[in-house]
Amino acid sequence: MSRSPPASSESSSSAVSVSGSSPSRRRASPPLHSTLLREDFDEVLESEVFVDVNKLRKFARHGIPDEIRGEVWKYLLGVEKSDRSNEFTQRRARYESYQDIDKENVEVSKRVRGEVNRYLMRTKKEVLLDPHTAPDIFEAVICAYINCHNHVEYSPALISVCTPFVITMRNECDVYSCFERLANVLSESSQDNNINKRVAQFLSYFRMLMPELYNYFEEEELDVSEWASSWLRYLLSKELPTPSVLSLWDVYFAMPDYIEFHPFVCLAILRHLKDLLEDLEQSEIRSMLLRLPKMNISRIVSQAYNIRSEIQVRYSATMSPRS
């Protein structure tokens, strides 16, 4: 799958439908605040000498326009460098390095294609991916990653983690570079000891903040490890609708500590769904936790900040010396 590197990594023909609709469809005019936001991003991205990543982080916290999300993510993840003096040389080196990676893995390829096809069937009404080109991109990127990281075993979750990059990036090399950055972070944070501690701490917070819902889950004999571990391991990429994942990751990639912040987002989601979950039975609860509904991510993130502050206050009170 040899291709010439584009002068700009966003200039090659699109492999996906970034907007979630067919390019031939007429688009409605964007709202004024969206236009102003796009202008803010463009001003930073069009700088010829230096891209101010701190400004990108500031803007990204309020969401990134679909059309430039991939370009912004590359800077937020450190794939593209702020200093543009050697931009083309660095891009070419990254492209050539990716081309040299072995992308053949018969066993993994079959499993990747099967999982991608299931995703395409499940989301066909949303038209988020081009069904003709997306399977090839997933196959090449996932196989390349596993071949380069021998300690990593194939998991369907890799498709979920990779999907946002296939949607937002127009160049396969960029998909790989960003996916590799995130997958390495998730792999490190999900090692056996780490994930066990994170799940235990998350459940402790859950029991403290929402004891009624926690007890209800226990009464319904819900397998906590099934959903809580997945929520924490893969940044909700398996459970949230893809548009919600994109919005959530805009916020995350703008943060220096999104892995540490993520459990509070999970708690905010539980609090948001609390009344609904308490009216469901075990199988229905399980289905909802594994396939979350679309929600207002901005409100969820705001609630997550409140929850983090609430927990910090409670722990400070318990740790302070009593008179």
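Let us begin with α3 and α7, which are oblique to each other. The model before you is predicted, and in it these two helices pack at an angle of about 125 degrees. Angles from 65 to 115 degrees would count as roughly perpendicular and those over 145 as roughly antiparallel, so this pair falls under oblique. Helix α3 covers residues 69-76 and helix α7 covers residues 157-168, and their axes lie 8 Å apart.

Which residues of α3 and α7 meet? On the α3 side they are Arg-69, Gly-70 and Trp-73, and on the α7 side Pro-164, Phe-165 and Thr-168. Sorted by class, this contact comprises 3 nonpolar, 2 polar and 1 charged residues.

Asp-223 and Arg-286 are separated by 63 residues in sequence, while their C-alpha atoms are 8.4 Å apart in space.

Finally, the chain as a whole. It has 15 helices and 0 strands. Of its 323 residues, 49% count as buried. Where contacts join residues at least 6 apart in sequence, 75% of them link residues at least 24 apart. The accessible surface of the chain amounts to about 16900 Å², and carbon and sulfur atoms account for 48% of that area.

Thank you for your attention.

Key: Residues are numbered from 1 along each chain as its sequence is written. This is a predicted model: local features need pLDDT of at least 70, side-chain atom pairs count only at pLDDT 80 or more; totals for chains, interfaces and linings use all residues. Side-chain values use heavy atoms; hydrogens and water are left out. Helices (H or I, at least four residues) and strands (E, at least two) are DSSP runs, numbered from the N terminus. Buried means under 20% relative accessible area, exposed over 50%, partly exposed in between (1.4 Å probe, protein chains only). Contact means heavy atoms within 4.5 Å. Accessible areas come from the Shrake-Rupley method with a 1.4 Å probe; for residues, only the protein chains shown count as cover. Axes are lines fitted to C-alpha atoms, for helices over the stretch in contact, and angles run from 0 to 180 degrees between N-to-C directions. Angles under 35 degrees count as roughly parallel, over 145 as roughly antiparallel, 65 to 115 as roughly perpendicular and the rest as oblique. Ala, Val, Leu, Ile, Met, Phe, Trp, Tyr, Cys and Pro count as nonpolar, Asp, Glu, Lys and Arg as charged, and the others, Gly among them, as polar.
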